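User: I have a chain to go through before I set anything up. Can you take my questions as they come?
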Amino acid sequence: MIRQTFILLAISTVLGLAANLLSPNRIPLIGAYRDLHSGSGPIVPPTAEAGDPPFIDVNTAQMEHSLGQSLFVDARNPEEFACGTIPSAIDIPFEQLPDGDLGPYLDSALGKVAKDHRIVCFCSGEECDLSLHLARNLKQLGYTQLAIFFGGAREWEKFGFAMERRKQCGN
């Protein structure tokens, strides 16, 4: 019984490898996967406070982006946004938000997504806390599924992920 199982397993393996070798959609035997170890987990700024939305690392941000179910929001000004951002992100420049009640403005800018829709806020990177402030404001307005990718566009690009550029800016 064990001998027959071993023979069937060996024949199946050889047939599978041969079929893969001849297939036009061949799967590499050794994958070219990126290193998931960024070394330090999410970047959390010193200005973070208890109750802030959670911070996520580049691996989590990339996974959420690839699933396509999260709305990525860039908090930088339009000039920086045009120079390079995470693909499909929208721009809500925190420093240009109007005074007064932000609710109608942010609801409109977010395309009237549901308050429980996953939103990932980011800006350029560790030196930028606009994403933190934008996420805090969204939380005050009742958005519940927020995350802050504090590594931002710079960490995203550092890990080799595609950037969306609307103009050349000397990058």
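This is a predicted model: local features need pLDDT of at least 70, side-chain atom pairs count only at pLDDT 80 or more; totals for chains, interfaces and linings use all residues.

User: What covers them?
Analyst: The cover over the buried residues of α2 includes the strands β1 (71-74), β3 (119-122) and β4 (146-149), together with α6 (152-158).

User: Switching to cysteines. How many disulfides are there in the whole structure?
Analyst: A search of the whole structure gives two. One of them joins Cys-83 to Cys-169, with an S to S distance of 2.0 Å. Cys-83 sits in helix α3 (residues 78-83) and Cys-169 in the segment after α6, so this pair ties together parts 86 residues apart in sequence.

User: Which hand does the link of Cys-83 and Cys-169 have?
Analyst: The torsion about its S-S bond is about -85 degrees, so the disulfide of Cys-83 and Cys-169 is left-handed.

User: Are those two buried or exposed?
Analyst: Cys-83 has 13% relative accessibility and counts as buried, because the cut-off for that is under 20%. Cys-169 is partly exposed, with a relative accessible area of 29%.

User: What about the link between Cys-123 and Cys-128?
Analyst: The sulfur atoms of Cys-123 and Cys-128 are 2.2 Å apart. With -130 degrees about the S-S bond, this link is left-handed. Cys-123 is buried at 1% relative accessibility, and Cys-128 is buried at 8%.

User: What pattern do the disulfides follow?
Analyst: Counting bonded cysteines along the chain, the pattern is 1-4, 2-3. Cys-121 is in no disulfide, and the nearest cysteine sulfur, that of Cys-123, is 9.4 Å away. Cys-121 counts as buried, at 0% relative accessibility.

User: OK, packing. Which residues touch the most other members in the largest nonpolar core?
Analyst: That core has 24 residues, and Leu-110, Ile-119, Leu-134 and Leu-138 touch the most other members. The elements that give two or more residues to this core are β1, β3, α5 (130-140) and β4. The largest share is that of α5, with five residues.

User: Take Ile-119. What does it touch?
Analyst: Leaving out residues up to four places away in sequence, Ile-119 touches Leu-71, Val-73, Leu-110, Val-113, Leu-138, Tyr-143, Gln-145, Leu-146 and Ala-147. Another core, of 15 residues, lies apart from the largest one, and its members include Ile-56, Val-58, Phe-72 and Met-163. Val-58 is also one of the buried residues of α2.

User: Now the overall picture. How many helices and strands?
Analyst: The chain has six helices and four strands. From the N terminus on, they run α-α-β-α-β-α-β-α-β-α.

User: Is the chain spread out or compact?
Analyst: The radius of gyration is 22 Å, well over the 16 Å that the globule rule gives for 171 residues, so the chain is more spread out than a compact globule. Along its principal axes the C-alpha trace spans about 75 × 40 × 30 Å.

User: And what share of the residues is buried?
Analyst: Buried residues make up 37% of the 171 in the chain. The accessible surface comes to about 10400 Å², with 58% of it belonging to carbon and sulfur atoms.

User: Last one: what share of the contacts joins residues at least 24 apart?
Analyst: Among contacts between residues at least 6 apart in sequence, the share is 64%.

Terms used. Residues are numbered from 1 along each chain as its sequence is written. Side-chain values use heavy atoms; hydrogens and water are left out. Buried means under 20% relative accessible area, exposed over 50%, partly exposed in between (1.4 Å probe, protein chains only). Contact means heavy atoms within 4.5 Å. A disulfide is a pair of cysteine sulfur atoms within 2.5 Å. A nonpolar core is a set of buried Ala, Val, Leu, Ile, Met, Phe, Trp, Tyr and Cys residues joined through side-chain atoms within 4.5 Å. The radius of gyration is taken over C-alpha atoms; the globule rule is 2.2 Å times the number of residues to the power 0.38. Accessible areas come from the Shrake-Rupley method with a 1.4 Å probe; for residues, only the protein chains shown count as cover.
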